[in-house]
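I will write down what I look up, one topic at a time.

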Amino acid sequence: MNRSSALLLAFALLSGCQSMAPVSTDGTPPVEDSTQAPEKPKVYGSFSEETIFSLLSAELAGQRNRFDIALDNYVTQAINTQDPGISERAFRIAEYLGADQPALDTALIWAKNAPQDLEAQRAAAVQLARAGRYDDSMTYMEKVLLGKGDTHFDFLALSAADTDQETRDGLTKSFDRLLQRHPNNGQLIFGKALLLQQDGDTQGALTLLEDNPPQAGEVAPILLRARLLQGSNRGDEALPLLEKSIRQYPDDKRLRLTYARMLVENNRMDDAKVEFSNLVQQYPEDDELRYSLALVCLEAKAWEEAKVHLEDLIARGTHVDSAHLNLGRIAEERNDPESALLEYAQVGPGNDYLPAQLRQADILMSNGKTAEAQSRLAVQRDTQPDYGIQLYLIEAETLSANNQGDKAWTVLDQALKQYPEDLNLLYTRAMLAEKRNDLAQMEKDLRLIIQRDPNNAMALNALGYTLSDRTTRYAEAKVLIEQAHQLNPEDPAVLDSLGWVHFRLGNLDEAERLLRLALERFPDQEVAAHLGEVLWANGKQREARQIWSKFLKEQPDSPILRSTIKRLTGSETL
């Protein structure tokens, strides 16, 4: 009888063993020994009585949802007994509860006492990786490799994604050492490719995968190679690779799904629609695929087909809120605002709730039903108080967008009386104050945000830009914008502001450099207007006209471009 069976039998017989008096082998009562020998713990099925009671208590605690007691008892007995069965059970409980340290401790006990158990060695390796002990993890994973088990070198590589460069470099060296001993191991090669990808060495990862073609049945390296090609703007190579692999593994869902998604990324919507349709037919119970198909139909503007799939999802009881939200969008595309309102009203709390509330408010206000929109939002604030601040923001911003700034101001004042500490409400009021030319109120609100949150780059940048654009307080503005730049050095909005304040200060070359960076990162009409004005002042009028002309083609009614051009050239046309 193995230990697991003995343990179960001990549990079953424990109460009986306790109640029965010991008897001699011939049935007569035993003769009492007058000597006082040290009392030894009774043992049942190779476990002590104390261990049995502790484990039985743990099982009963688990049945009563007292998993803390169950885990504590099992961990204690795993340490005391060093039994692989008990330590495995302790590990499973710890893993289920997300108790990282107990999971690591018990996995190591399990692996130590079951050296031939590949699952135990794998569990130890994974837990060590989660703890950041990558060298130790590789030692255990190599045991799995040598035992021809399914390793998790990919997990080790992925788990290092959020670590520092020194840790990843150390793990890379560990991979290289193992690859020297096992140069043809596909799982090691795949893990190394993942590490190279994390370090931004896309070409190195691609070369490694291309020089070491996957063995039969290995699909993960194909998927990684395809994603690397797509990310390198080589989608024309990625799609044929996936098509060839699908012919080789026609029943592999991952390949077909990756292929379908890549068709979307390459804007081949009709082909993507066909591929997702085939996947839904192959896996009719997979509602994630059905939802993806609906989204592809929406992107392809196949409204009726999308509507069918979305209504099917509602009938199946999955993605219900998202389906109603997208049905509302379809109704709007078909100029049917009443149907859109009905769909949006059915979206409940969750990720789609606020977008639905926003669309309802905008439809009503743009159709002259502001009072109804505000009434609906007030009802929602009463029924969904957790969304109170966001609903106030939706109301104020929608009113402002529909040229009802005074009402928006009233709403924000009301909101701030209820939520005086909320920085988003303060920021929104500051932006509205700027539109109303109330720069004193704008500065007051932004200063209050910065006082409460000194690292609020958005408020620092907003105040700095407004001071540089609407006042002559350029030196003060530059200090604020530079603080925002230190916090977010790659933010194009901050680069635009920094370029603009340098322009105000007369530093034309630096202004041009910063604004070129901003426009490269964010091709926006306002940035284009700013860069054009700096170029114009810097004697590069021809290039300024070229930039303005390009953006006017995309946004011919842009007020900032038109006003800038008229102010500098004397004409609204180029």
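**Entry 1: the whole chain.** I looked up burial and found that buried residues make up 44% of the 574 residues in the protein chain. Here buried means under 20% relative accessible area, exposed means over 50%, and partly exposed lies in between, with a 1.4 Å probe and protein chains only. I noted that this is a predicted model, where local features need pLDDT of at least 70 and side-chain atom pairs count only at pLDDT 80 or more, while totals for chains, interfaces and linings use all residues. I also noted that residues are numbered from 1 along each chain as its sequence is written, and that side-chain values use heavy atoms, with hydrogens and water left out.

Next I looked up the secondary structure: the protein chain has 32 helices and 2 strands. These are DSSP runs numbered from the N terminus, helices being H or I of at least four residues and strands E of at least two. For contacts (heavy atoms within 4.5 Å), I took pairs at least 6 apart in sequence, and 48% of them join residues at least 24 apart.

**Entry 2: the cores.** Which residues touch the most other members of the largest nonpolar core? I found L425, L446, L463, L519, I547 and L561, in a core of 68 residues. A nonpolar core is a set of buried Ala, Val, Leu, Ile, Met, Phe, Trp, Tyr and Cys residues joined through side-chain atoms within 4.5 Å. I picked L446 and listed its contacts, leaving out residues up to four places away in sequence: Y427, A430, M431, A459, A462 and L463. There is also a second, separate core of 58 residues, which includes Y134, F175, L257 and A306. A reminder to myself: in soluble globular proteins, nonpolar side chains tend to be buried together.

**Entry 3: the largest pocket.** I looked up its volume, which is about 670 Å³. Of its 21 lining residues, M431, E434, Y465, D496 and E526 are the closest to the centre. I wrote the pocket rule down too: on a 1 Å grid over the protein atoms alone, a pocket is an open set of points where a 1.4 Å probe fits, with protein on both sides within 12 Å along at least five of seven lines, and lining residues have an atom within 4 Å of a point. Grid points are joined across faces, edges and corners, and the volume is the space filled by probe spheres set on the points.

Which helix gives the largest share of the lining? Helix 26 does, with 6 residues. Helix 24 (423-435), helix 26 (457-470), helix 28 (492-504), helix 30 (525-537) and helix 32 (559-569) each supply at least two. By type, the lining divides into 10 nonpolar, 4 polar and 7 charged residues.

A518 is in helix 29 (residues 508-521). Is A518 buried or exposed? It is buried, because its relative accessible area is 0%. A518 touches P492, L495, D496 and V527, not counting residues up to four places away in sequence. Its C-alpha atom is 7.9 Å from that of D491, 27 residues apart along the chain.

Entry 4: A340, in helix 19 (residues 337-345), counts as buried because its relative accessibility is 0%. Leaving out residues up to four places away in sequence, A340 touches G328, A331, E332 and I363.

E119 is in helix 6 (residues 118-130) and counts as partly exposed because its relative accessibility is 33%.

**Entry 5: two loop residues.** K301 has a positive phi of about 60° although it is not a glycine. K301 is in the loop between helix 16 (287-299) and helix 17 (303-316), and it counts as exposed because its relative accessibility is 61%.

N403 also has a positive phi of about 60° without being a glycine. I found N403 in the loop between helix 22 (388-401) and helix 23 (405-418), where it counts as exposed at 73% relative accessibility.

Technical notes
Nonpolar A, V, L, I, M, F, W, Y, C, P; charged D, E, K, R; others polar.
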